[in-house]
Amino acid sequence: MNRTMVATEEMAKTLNLQGQYIEELDQVPPKYKKITSLILSNNHLRSLRGVEQFPKLKKLIACDNAVTYFSMCFFLILMK
């Protein structure tokens with residue numbers, strides 16, 4: 001497998017929702033269950049509720065939000 005194929009495969013597993021004015025994570029379609037990297041920076045999130053929908057998640061970037069509700073942090077601890 002060449003570098004381009006590896007990079008493309010990794011990009012396919014990344015969901016970039018940066019700067020989309022998202023206030024909460026809605027239910028996601030099953031095709032997103034394979035996401036390993038989720039970028040939620042620069043939104044209006046107050047909670048990380050909904051991140052558990054990504055069972056293969058290894059990397060979460062959620063800086064520059066208004067998160068004050070951390071009930072989903074137990075899920076983040078399980079990320080490998």
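Mentor: Welcome! Leu 15 touches Tyr 32, Ile 35, Ser 37, Leu 38, Ile 39 and Phe 54, leaving out residues up to four places away in sequence. This is a predicted model, where local features need pLDDT of at least 70 and side-chain atom pairs count only at pLDDT 80 or more, while totals for chains, interfaces and linings use all residues. Residues are numbered from 1 along each chain as its sequence is written, and side-chain values use heavy atoms, with hydrogens and water left out.

Trainee: What makes a contact a contact?

Mentor: Heavy atoms must lie within 4.5 Å.

Trainee: Why is Asn 43 called buried?

Mentor: Buried means under 20% relative accessible area, exposed means over 50%, and partly exposed is in between (1.4 Å probe, protein chains only). Asn 43 has 6% relative accessibility, so it counts as buried.

Trainee: Why is Lys 56 called partly exposed, then?

Mentor: Its relative accessibility is 48%, so Lys 56 falls in the partly exposed class. Away from its neighbours within four places in sequence, Lys 56 contacts Lys 33, Lys 34, Ile 35 and Thr 36.

Trainee: Which backbone atoms does the side chain of Asn 43 reach?

Mentor: A polar atom of that side chain lies 2.8 Å from the backbone nitrogen of Gln 20, and the side chain reaches the backbone nitrogen of Ile 22 at 3.0 Å. A polar contact is a pair of N or O atoms within 3.5 Å; within protein, one must be able to donate a hydrogen and the other to accept it, and residues adjacent in sequence count only if both atoms are side-chain atoms.

Trainee: How do you know that β2 and β3 pair?

Mentor: Strands are DSSP runs (E, at least two residues), numbered from the N terminus, and two of them pair if DSSP finds at least two bridges between them. β2 and β3 have three bridges, in the parallel sense. In one of them, Ser 37 is partnered by Lys 59 of β3.

Trainee: Why are β1 and β3 called edge strands?

Mentor: The open sheet has three strands in the order β1-β2-β3, with parallel pairing. β1 (14-16) and β3 each have a single partner strand, so one side of each lacks a neighbour in the sheet.

Notes: Helices (H or I, at least four residues) and strands (E, at least two) are DSSP runs, numbered from the N terminus.
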